[in-house]
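Dear colleague,

Please find below the structure that I am handing over to you. My notes on it follow, and I would be grateful if you read them with the model open.

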Amino acid sequence: MKFKTQISLICIFLLISLSYASKCQAARNDIPSLCYHQVEPKAGGKFSLSTEKFRAQLEYLKSRNFVTLNSDDLEKIFYHGEKVKENSIVITFDDGFKTVYDYAFPIMKEFGFKGIVCVYPRFIGSRNAMSWQQLAHLISEGWSVESHSMTHSNLASKCDKPDQEKAFLDYEIVESKKLIENKLGNKVRFMVWPYGCYTESALEIAEKAGYIGAMTVDGGASYEELSPYLLKRQVVYATDNLNKFLIRLGMRALKISRQFPAPGQVVDELATFSCRLDELSDYSSEKYVLNAKLTGKKVNFAFDTEGRMLKADISSKLKPGNYFIDVYLRDRKTGITCQNGWLFTVRGGGIKNNY
Ligand SMILES: [Zn+2]
């Protein structure tokens, strides 16, 4: 082979591998989802972003060609086999604050984005909340309005009172859907858990009530094979700087199965948790950094490469409450981190909210 040919072959090889590497960095076919609460000029509180900060985040999304999905789009993906388009994103606003209508909506519109508002009827029409008319206007602009329960209760809070639980969940899940649909004439498709807390009973009731899915604040990004009742969302906090925002946004989908405890399971106590990392056929500690956390705290775990099972020990006794399990996988070469989180509850009185 002549020297010149060799050089050009090397060049072609370099070009191909470079474009492959940049593809790994940029393209994503999972569905990241953000959970906002308030946007206002004078931000205050944990969940209230300044309009400046919010605008900067949307500017970033626009610069990376992100396209927003509303509930119609999600239904097409999870029920009608539509492929997730590259750089799709879901932008949600919980509770129904008036500041979303006054400040977030015009900025979203400027960027050509549409959002999903998750409201609880007890709040709507009060001083700091949107009115039903404003919500109807958002729908006419391509936004979706979904249920965030009736009163914003922690839906795991009656898991130790079986005689009261069904009526409680019916009111929060079934009645809120009917009420919103009556007021707005829309189709309420998603149940959006207050405080991100759900149980297996709540999931069952939501499915029977005709919801086509549910939104959590479980970590990671959603993907086509994920149950639409376990959609992931990343909460955006007021204190997040752009770098922190990019870390949350950058969490890719990690496909897992056989979770123990199951998402939403209520247990009396727990000593271990486990799941299968379906796609991790080539695990080695040189290639990947694998991590497991329980409500933000690192735990000891083992990974069996043959069965692809991760098993973690919980060293301390867990108090009654809601807990998040998170599994992270970082590819050392690309720097990309994938995450999959889910929630379970330890039964007992005095269940406190996570935030
Ligand atoms: Zn909320």
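A residue is called buried when its relative accessible area is under 20%. Please keep in mind that this is a predicted model.

**The zinc site**

Three protein donors hold positions 2.1 Å from the zinc ion: Asp95 through OD, and His148 and His152 each through NE2. Along the sequence, these donor residues follow the spacing D-x52-H-x3-H. Distant parts of the chain are linked by the pair Asp95 and His152, which stand 57 residues apart. Asp95 belongs to strand 5 (residues 88-95), whereas His152 sits in the loop between strand 7 (144-147) and helix 6 (162-184).

Are these two residues buried or exposed? His152 has a relative accessible area of 14%, which is under 20%, so His152 counts as buried. Asp95 has a value of 9% and is therefore buried as well.

**The cavity**

A search of the whole structure found one cavity of 30 Å³ or more. The largest cavity holds about 60 Å³ of space. Its lining comprises six nonpolar, two polar and two charged residues; among them are Ile31, Phe78, Ser222 and Arg233.

**Phe303**

Phe303 is part of strand 17 (residues 300-304). Because its relative accessibility is 17%, Phe303 is also counted as buried. Apart from neighbours within four places in sequence, Phe303 is in contact with several residues, including Leu277, Tyr283 and Met309. Between Phe303 and Arg258, the separation is 45 residues in sequence and 14 Å in space, taken from C-alpha to C-alpha.

Yours sincerely

Definitions and conventions. Residues are numbered from 1 along each chain as its sequence is written. This is a predicted model: local features need pLDDT of at least 70, side-chain atom pairs count only at pLDDT 80 or more; totals for chains, interfaces and linings use all residues. Side-chain values use heavy atoms; hydrogens and water are left out. Donors are N, O and S atoms within 2.8 Å of the metal (3.2 Å for Na, K and Ca); water is not among the atoms, so sites may look incomplete. Helices (H or I, at least four residues) and strands (E, at least two) are DSSP runs, numbered from the N terminus. Buried means under 20% relative accessible area, exposed over 50%, partly exposed in between (1.4 Å probe, protein chains only). On a 1 Å grid over the protein atoms alone, a cavity is a set of points where a 1.4 Å probe fits but cannot get out, and a pocket is an open set with protein on both sides within 12 Å along at least five of seven lines; lining residues have an atom within 4 Å of a point. Grid points are joined across faces, edges and corners, and a volume is the space filled by probe spheres set on the points. Ala, Val, Leu, Ile, Met, Phe, Trp, Tyr, Cys and Pro count as nonpolar, Asp, Glu, Lys and Arg as charged, and the others, Gly among them, as polar. Contact means heavy atoms within 4.5 Å.
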